Amino acid sequence: MQSNVKRQKLILTSILLMGLFTYPVISIANKRVMVAGIPLLFLYVLLVWIIAIIVFASITNTKQRKEDE
Amino acid sequence: MSNITAILAALLYLAILFGVAYYAEYKLKKGKSIINNGYVYALSLGVYCTAWTYYGSVGQASTRGIEFLAVYIGPTIMAALFWPILRKIVRICKTQRINSIADLISIRYGKNFSLAVVVTVLCILGVIPYIALQLKAISGSMNILTGNTETLPGLSNILGDNTLYIAIALAFFIMLFGTRSIDASEKHEGLVAAIAFESIVKLVAFIAVGLFVTFGLFNGFSDIFSKAADDPTLSKLFQFSDTGSYSTWTGLILLSMLAIIFLPRQFHMGVVENVKEVHIKKAIWVLPLYLLLITFFVFPIAFGGKLLLGHTAINADTYVLALPMQHGAKWLGLITFIGGFSAATSMIIVETIAISTMMSNNIATPLLLASQKFKPKGDGQLTNPILNIRRFSIILIISLAFLYDKLVAQHFSLVSIGMVSFAAVAQFAPAVLGGIYWKQASQKGAMAGISIGFAIWFFTAVIPSLASAGIISMNTVDQGLFGISWLKPLSLFGMQGMDSITHCFFWSMIFNITAFAVVSLNSKKTGQEAYQAEIFVDIFRHSSTPDSNTIWKGTAYLPDLNSLLANFLGAERAEKIIATYARRHNISLETNKADPRLVAFAEKILGGVIGSASARIMVSSVSKEEELTVDEVLNILRESQQVLGANKELRKKSAELQKATAQLTDANKQLQDMDRNKDEFLYTVTHELRTPLTSIRAMAEIVHDNTDMDEDQREQFLSGIIKETERLSHLITQVLNLEKYESGKQLLNMTSVQMNGLINDAVRSIRPLANEKGIQTEIKIPDSMFLVQCDEALIMQVLTNLLSNAVKFAPQNGHVSVTLQSTYEELQVRVHDNGKGIEPGLHELIFDKFFQAKNQTLRKPEGSGLGLAICKKIILLHGGDIWVESEDGNGSTFIFTLPLS
């Protein structure tokens with residue numbers, strides 16, 4: 001049951017990431033602007049990536065249960 | 001730096017690698033597995049990052065900007081799907097003893113032999129150039145390190161070529177750690193440990209270069225980017241240039257999402273070498289983190305390199321190494337070289353093992369078995385030939401890669417070959433994903449999809465690269481196949497606006513998926529296929545009952561089966577395996593005919609050794625199998641599912657029954673106890689009633705019989721009769737009261753009562769009795785008021801009872817005291833006498849009904865023996881507690897408490 005919820009969360013995250021990383025959403029960051037000395041597009045990709053890792057870790061790092069389905 | 005130093009460093013690094021692998025295997029022998037760890041698993045998946053990542057991504061970033069990152073973002077997105085997808089594949093491969101992607105596909109589609117061959121061939125064609133690319137990276141980086149600028153294409157100076165010796169050492173390593181056991185589905189402890197170690201080495205080395213460039217050659221990130229922003233050619237790379245690059249970007253993300261699972265090396269590390277499914281959970285976030293870290297410094301190095309070395313002839317693919325070397329950091333250069341070397345070797349090692357397993361299982365072993373006109377003779381005579389085939393495959397693959405590197409690869413840049421091989425393995429995705437989620441997927445569909453995808457891949461990706469390398473003429477590329485203009489490899493059907501890889505990926509997948517789906521829906525499946533489809537798609541349901549629902553129909557003889565297994569495993573091991581299996585499943589080994597389950601089991605075991613396709617040929621060579629129809633297969637599966645369900649239901653029912661029985665037994669015991677108590681109570685009560693009745697009767701008879709009795713005497717007997725009658729009615733009242741409290745009929749009439757007054761009243765009422773015995777009474781109450789919620793009459797009854805007991809048991813001229821104390825929660829009343837006390841053993845018992853009556857030798861037979869029992873009931877009804885503190889000879893103190901709120 002819980003494992004199933006986890007699976008759904010992960011699938012949802014992957015769909016969201018696919019949206020954030022591809023056209024048209026990514027075109028929002030596609031500007032000739034530097035933020036803190038770093039091109040906006042690079043910074044955007046970096047931030048989404050870091051957030052994705054944190055979300056993955058928080059979804060998967062629940063107390064270890066006996067894995068089964 | 002001299003040539004010798006470079007090659008020594010590389011060989012020293014390889015020696016360390018051997019050490020790590022040996023150490024892991026040594027630890028395993030001691031019972032501790034290093035690779036049984038989620039982080040090691042995640043690091044071993046880092047084999048994704050090859051020399052192409054290490055050197056090539058900088059080159060690509062410096063010419064095409066952010067595009068290269070797609071190859072690492074795809075796997076990041078896919079990591080989230082590891083839990084649903086990769087775990088399912090792992091579970092399937094574990095239960096079916098599958099050890100390569102060719103086996104996975106061929107077993108799913110009815111253990112089809114030709115499918116396994118096609119997949120193997122596609123893997124070889126797609127991946128050998130990729131291995132060659134790694135060798136090229138090693139020789140290229142060695143040239144930069146040693147300052148050797150002359151390149152020697154071809155085989156003119158083969159013995160002077162460092163790459164040759166590196167390749168030989170690698171082949172040796174792979175043979176040593178990759179062909180340990182005949183059973184290819186066993187884990188390679190040392191290999192996985194070494195690959196995880198290499199992942200750390202390349203990461204650390206790359207970050208070291210990144211830090212050196214960013215903070216050593218420049219003043220941090222913003223310095224590099226602001227300088228690059230001033231350069232119009234570089235600042236263009238900060239953005240996507242046009243909508244075409246969006247489609248390339250998305251195409252590359254999708255392509256690499258598939259590659260992270262279907263590349264043979266990823267499949268090998270992620271599925272075949274997976275120790276526990278839970279490790280996948282770790283990899284879900286550790287792998288994306290690893291990819292982020294290893295690509296973090298690519299932009300700084302790329303732009304830094306362009307800014308510092310852009311005017312020279314140095315290839316951007318080599319900036320990682322060239323930057324430290326050009327700026328005098330020779331030691332860092334050596335570390336960088338080792339990092340790139342580790343990236344290349346890890347890829348070569350794992351890819352070679354994966355491909356060689358496929359090659360030996362699906363092509364070489366069947367040929368060998370066919371050519372020998374195989375007759376089972378037993379006793380492991382085929383163990384060595386099979387291991388040798390695997391070793392030979394390894395040498396063959398490394399040699400092919402070496403030749404490809406020398407003869408062909410020198411013409412390509414690093415990137416294109418890598419992407420071509422990604423597109424090749426993506427052709428497996430529809431067959432595999434369809435196979436594990438879609439029962440309708442059929443063998444003909446898979447064959448059609450993979451074949452047409454393969455053909456389009458070859459036409460749109462391989463032909464143009466061969467043409468641009470000058471190996472075939474450019475005519476086909478420029479004018480289309482046979483001069484037909486809409487058959488141009490780079491713009492098939494006239495499609496334009498995509499780069500060549502996205503173009504290839506797009507068309508091959510469209511055709512692959514369409515063919516797969518359409519043919520699947522329009523083809524009939526065999527029983528074997530239907531069975532495998534069922535097992536694969538519902539693996540989580542079936543894997544809980546392994547082997548229980550085997551389908552195999554036909555005749556086979558046990559000795560044949562035995563000697564067949566013995567050929568590959570040795571007689572002793574074969575016998576042990578069969579015996580264990582038979583014991584576990586209650587199969588008799590007495591009969592000559594083999595149980596169908598045993599036949600299927602033997603095939604599965606053999607599959608782990610020689611691949612499913614060969615195993616099937618082997619088993620059918622010693623048995624006569626009858627074709628099962630689809631209906632038969634589905635019936636078997638359905639039945640076993642039903643039996644399973646019925647079993648579960650039965651178990652649940654019987655557990656419920658057991659629980660109910662236990663509850664009934666308990667209730668019965670309670671009833672019996674209560675019955676016994678009641679008998680005892682009745683007995684005691686009647687006994688107690690008889691005593692006064694007997695004396696009343698005796699006295700009444702005396703008065704009745706002696707009519708001449710004088711007045712005084714008569715008076716005395718009559719008052720005795722009255723006294724006994726009073727005692728009798730008192731006893732009956734008490735029994736009735738007790739019954740009332742016990743049955744819960746007594747309702748408390750709660751009021752606010754001043755405890756001080758109550759105690760004074762009680763003591764006053766008992767004083768005449770005390771004075772009679774010359775007993776001092778004393779009241780110790782603090783000055784303040786004590787209000788408590790209780791039933792005044794009942795508490796008064798308790799106090800009177802305790803006080804009269806105290807007076808009763810205090811000696812002549814003794815003393816009795818009442819103390820009132822309060823804490824925040826409760827009020828405590830202590831009634832003390834200085835009588836002879838109560839032994840500790842009786843402290844609890846005296847509150848029992850008729851305790852005194854039953855123990856009349858201990859105390860004088862005064863009172864009914866119900867007083868304290870009633871007191872206890874009353875206090876408990878109030879939510880308080882009552883007990884006694886006493887030492888023999890020092891008097892006793894009865895204490896009761898009442899809660900204050």
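Biologist: How many salt bridges does the rule find across the interface of chain A and chain B?

Modeller: The rule finds 0 there. To count, a side-chain nitrogen of Lys or Arg must lie within 4 Å of a carboxyl oxygen of Asp or Glu.

Biologist: Good to know! What should I keep in mind about the model itself?

Modeller: It is a predicted model, in which local features need pLDDT of at least 70, side-chain atom pairs count only at pLDDT 80 or more, and totals for chains, interfaces and linings use all residues. Side-chain values use heavy atoms, leaving out hydrogens and water, while residues are numbered from 1 along each chain as its sequence is written, and chains are lettered from A and ligands numbered from 1 in the order in which they are written.

Biologist: How many residue pairs are in polar contact across the interface of chain A and chain B?

Modeller: The rule finds 6, with both residues at pLDDT 80 or more. Each needs a pair of N or O atoms within 3.5 Å; within protein, one must be able to donate a hydrogen and the other to accept it, and residues adjacent in sequence count only if both atoms are side-chain atoms.

Biologist: Which element gives the most to the side of chain A that touches chain B?

Modeller: That is H2(A), with 10 residues. Helices (H or I, at least four residues) and strands (E, at least two) are DSSP runs, numbered from the N terminus.

Biologist: And how do the residues on this side of chain A divide?

Modeller: There are 20 nonpolar, 9 polar and 6 charged. Nonpolar here means Ala, Val, Leu, Ile, Met, Phe, Trp, Tyr, Cys and Pro; Asp, Glu, Lys and Arg are charged, and the others, Gly among them, are polar.

Biologist: Now Ala36(A): why is it buried or exposed?

Modeller: Buried means under 20% relative accessible area, exposed over 50%, and partly exposed in between (1.4 Å probe, protein chains only). Ala36(A) has 69% relative accessibility, so it counts as exposed. This residue sits in the loop between S1 and S2 of chain A and has a positive phi of about 55°, although it is not a glycine.

Biologist: Which class does Asn813(B) fall into, and why?

Modeller: Its relative accessibility is 58%, so Asn813(B) counts as exposed. Asn813(B) also has a positive phi, about 60°, without being a glycine. Its loop runs between helix H33 (792-809) and strand S8 (815-822) of chain B.

Biologist: One last thing: what kind of peptide bond joins Tyr23(A) and Pro24(A)?

Modeller: A cis one, with omega of about 10°. Pro24(A) lies in the loop between H1 and strand S1 (34-35) of chain A.
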